[in-house]
Amino acid sequence: MEKLRIAIQKSGRLSEKSLALLKEAGISLNNGSRKLRSVAQSFPLEVIYLRDDDIPQYVEDGVAHIGIVGENEYAEKQCEVDLIERLGYSRCRLSIAVPKSEQYLSLEELDGKRIATSYPVILENYLQEHGVKAQIHVLSGSVELAPSIGMADAIFDIVSSGSTLISNGLKEVEVIMKSEAVVIASRNINKDIQAVLNDLIFRVRSVMTASNNKYILLNAPNENLQQIIDTIPGMKSPTVMPLAEEGWSSVHSVLSETEFWGHIDRLRELGAQGILVIPIEKMIV
Ligand code: PRT
Ligand code: ZN
């Protein structure tokens with residue numbers, strides 16, 4: 001049987017989480033150590049390990065059917081591939097930064113200035129859209145050093161916590177795009193491979209839905225039971241069971257973690273006790 005071939009970053013910020021996602025989707029690989037390629041045991045899938053910069057082209061060429069890359073690489077490379085799923089991890093933004101001491105009011109101030117970046121295509125498109133002409137200097141690394149050594153007036157780079165900018169005396173002045181890990185796919189996938197891909201995406205979605213949701217268990221005083229149920233309605237409606245102690249019930253529900261934190265004060269006000277928040281491994285919706 002033909003295998004679905006997926007390209008994953010060999011080593012870097014995307015590798016570990018991408019492999020963990022496959023594992024959570026029930027796909028175990030035959031060699032833990034990252035070689036050039038590995039084959040899944042229980043699923044018709046083969047993994048090839050590449051530099052993230054190369055993945056869009058390999059997928060366009062059909063060498064890999066799909067790949068996991070940062071959305072920034074997908075946008076920069078402008079390859080003929082489709083973005084088929086957002087994965088929610090390795091989130092970052094691509095921003096323009098200038099020296100901290102510089103006054104900055106608007107994008108127009110970059111007119112005629114030198115901007116260092118590893119993402120010239122994304123930057124050029126953005127500047128063009130806004131009618132700003134700047135000189136773009138392409139650097140493959142250590143972009144944030146460019147202003148301090150007099151090579152550029154500003155930079156355009158990936159920002160996550162922002163601490164790299166701060167430690168290089170820079171400040172973020174424009175966020176141009178947000179990025180997360182995404183699945184890209186070749187435009188020439190045959191029917192059999194498409195069926196395997198659909199199965200993989202279904203599993204990946206179940207894992208993602210599960211990780212966003214928690215199983216909530218709590219003890220509720222019966223006099224406030226209805227209000228507690230209304231507060232945490234869950235997927236359908238919560239399961240309610242009487243406790244051995246008279247006047248109390250046990251309530252079980254499924255909620256997103258953010259929703260849960262938004263309701264916690266209300267639940268305590270209503271007298272809920274013994275609140276447990278339990279991770280869910282997979283969730284089929
Ligand atoms: O070797 P290979 O080419 O495969 O890897 P790489 O070095 O090009 O990429 P890698 O592993 O650094 O990043 C892979 C992807 O992770 C990127 O394309 C982004 O989509 C995503 N990502 C998420 C990040 C960051 N967060 C990030 N913080 N990529 C890079 N950074 C850099 C950033 O440039 C900055 O210099 O990390 C530094 C620290 O950021 P702060 O703001 O947290 O200080
Ligand atoms: Zn790279």
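Reader: Cysteine 79: buried or exposed?
Author: Buried, with a relative accessible area of 12%. Buried means under 20% relative accessible area, exposed over 50%, and partly exposed in between, with a 1.4 Å probe and protein chains only. This is a predicted model, in which local features need pLDDT of at least 70 and side-chain atom pairs count only at pLDDT 80 or more, while totals for chains, interfaces and linings use all residues. Residues are numbered from 1 along each chain as its sequence is written, chains are lettered from A and ligands numbered from 1 in the order in which they are written, and side-chain values use heavy atoms, with hydrogens and water left out.

Reader: Changing topic. Which residues coordinate the zinc ion (ligand 2)?
Author: Asp52 and Asp53, each through OD, at 1.9 to 2.1 Å. Donors are N, O and S atoms within 2.8 Å of the metal (3.2 Å for Na, K and Ca), and water is not among the atoms, so sites may look incomplete.

Reader: What is the geometry of that site?
Author: Irregular, with angles of 74 to 175° among the four donor atoms. Four donors count as tetrahedral if all angles lie between 85 and 135 degrees; four count as square planar and six as octahedral if opposite donors are over 155 degrees apart and all others between 65 and 115; anything else is irregular.

Reader: How accessible are aspartate 52 and aspartate 53?
Author: Aspartate 52 is buried at 17%, whereas aspartate 53 is partly exposed at 25%.

Reader: On to the sheets. What is the strand order in the open sheet of six strands?
Author: The order is β2-β3-β1-β4-β11-β5, and the pairing is mixed. The edges are β2 (37–39) and β5 (82–86); each has a single partner strand, so one side of each is left without a neighbour in the sheet. From one strand to the next the twist averages 25°. Strands are DSSP runs of E with at least two residues and helices are runs of H or I with at least four, numbered from the N terminus. Two strands pair if DSSP finds at least two bridges between them.

Reader: How do β1 and β4 run?
Author: Strand β1 (residues 4–9) and strand β4 (residues 66–70) run parallel, joined by two bridges. Isoleucine 6 stands opposite isoleucine 66 in β4.

Reader: Which strands does helix α1 touch?
Author: Helix α1 (residues 15–24) packs on the sheet and touches β1, β3 (45–50) and β4, with its direction at about 145° to that of β1. Helix α6 (residues 191–212) also packs on the sheet, where it touches β1, β3, β4 and β5; its direction makes about 30° with that of β5. Contact means heavy atoms within 4.5 Å. Axes are lines fitted to C-alpha atoms, for helices over the stretch in contact, and angles run from 0 to 180 degrees between N-to-C directions.

Reader: How many residues of β4 are buried?
Author: Five of the five, so β4 is largely enclosed by the rest of the structure. Ile66, Ile68 and Gly70 point one way, Gly67 and Val69 the other.

Reader: How many bridges join β4 to β11?
Author: Five, and β11 (residues 181–185) runs antiparallel to β4. Glycine 70 has alanine 181 in β11 as its bridge partner.

Reader: What about the open sheet of five strands, which order?
Author: The order is β8-β7-β9-β6-β10, with mixed pairing. Here β8 (135–138) and β10 (170–179) stand at the edges. Strand β7 (residues 114–117) pairs with strand β9 (residues 154–159) in the parallel sense over three bridges, and threonine 117 stands opposite phenylalanine 156 in β9.

Reader: Last one. Where does valine 240 lie?
Author: In strand β13 (residues 239–242). Valine 240 is partly exposed at 34%. Leaving aside neighbours within four places in sequence, valine 240 is in contact with Leu225, Ile229, Ser249, Ser250 and Val251.
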